[in-house]
Amino acid sequence: MLQTLGEWLWWDRLWLPGNLTWSALEDSEGRIYAKASHLYAAVPCAFCLLLVRYLFERYLATPLANVWGIRDQIRLTAEPNPILENYFSKNGSQTELSVLPGQGRIQVWFRRRRNQDRPGLQKRFCEASWRCVFYFFAFVGGVLALYDKPWLYNLKEVWEGFPKQSLLPSQYWYYLLETGFYLSLLFRLSFDVKRKDFKEQVIHHIATMTLLVFSWISNYIRIGTLVMAIHDSADILLEGAKVLNYAKWHQTANGIFMVFTVLFMVTRLVIFPFWLIHCTWVYPLERFSPFFGYYFFNFMLMLLQILHLYWAVLILRMVYKFIFSKLEGDDRSDEEEEDSDSLKETNHKSHMNGSGARGRANGH
């Protein structure tokens, strides 16, 4: 049964156009083609990147955070309370808490409990620093892999000779680095900073991994490298703006964020749909009839585009706040905002202690 399933999964008609078979993509005459077995290297690459990330955050990002005065606030721990813990697990939002009777100590408990789930400022700084550095080097690598290729300047060249396009060393290393990175993000999902768009981030990572794997196996490598490069270009500025915001260089961070907004809108809402998706949707039909792999690849690209539209709305909301009110963090997550609850808790605690002292003095 497994053999039958495997034969169906790798059926030529699913993934290759026309009458081509997988045998057409076997290495010959000095030409090397991408193979599924090459992707096994992405797993050790992901673990290597996790090790590099650990060393980077511990020996570079954390000392830099200390130099810039980025420190975690002291947070008071909520006392164990099974009843409130059960309520928090179901209705832990600020909106839901407003309906609780009694308030007072209960509200303080919920503030402290929410703070326990918030990542510290240094953790957010280190994570943003790592991603900023990675995206920078990945983008530089993408530029080096693409700058002299004809398909960067003429998208019809993407399909010239497809799918019998030999694999270039620069393409191999670029794909290996990006695949390993997104695999490492999947490994770290339960440990990294969680935002309001956590589910969308999971969908994005899975869709990206699916596209990377499929485009590699089916030799959609030329268009794959273009997609990766335009995504990395904007992500550098986003993570850089976060780093500077955590360091309280707010004006510089806001300036970079505005540049990021423009670049995001151009790359994700203009170039990606009207250049790259057009390239994968229209140009292939000039050479061969549509097949399952053609529809599958374009479906995954459209899924990414839907996520781009979702994030574009969040970004525009932040720009609106920046222009007309006050931008205090990332709209995607409470964790990206300044954690002011600790200060409120301290003041509330002092007030309660004072009230308690007066009560004891009055004999209560």
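Student: How many disulfides does a search of the whole structure find?

Tutor: A disulfide is a covalent bond between the sulfur atoms of two cysteines. Here the criterion is a pair of cysteine sulfur atoms within 2.5 Å, and the search of the whole structure finds zero. Cys48, for instance, is in no disulfide; the nearest cysteine sulfur belongs to Cys45 and lies 6.6 Å away. Do keep in mind that this is a predicted model, where local features need pLDDT of at least 70, side-chain atom pairs count only at pLDDT 80 or more, and totals for chains, interfaces and linings use all residues. Residues are numbered from 1 along each chain as its sequence is written, and side-chain values use heavy atoms, leaving out hydrogens and water.

Student: Is Cys132 buried or exposed?

Tutor: Buried means under 20% relative accessible area, exposed over 50%, and partly exposed in between (1.4 Å probe, protein chains only). Cys132 counts as buried at 17%, while Cys48 is partly exposed at 49%. Across the protein, buried residues make up 46% of the 364 residues.

Student: Which secondary structure elements does the protein have?

Tutor: Helices (H or I, at least four residues) and strands (E, at least two) are DSSP runs, numbered from the N terminus. This protein has 14 helices and zero strands.

Student: Which residues have the most contacts inside the largest nonpolar core?

Tutor: Such a core is a set of buried Ala, Val, Leu, Ile, Met, Phe, Trp, Tyr and Cys residues joined through side-chain atoms within 4.5 Å. The largest one has 80 residues, and those with the most contacts inside it are Val158, Phe181, Tyr220, Ile223, Leu226, Phe272 and Leu276. H11 gives the largest share, 13 residues.
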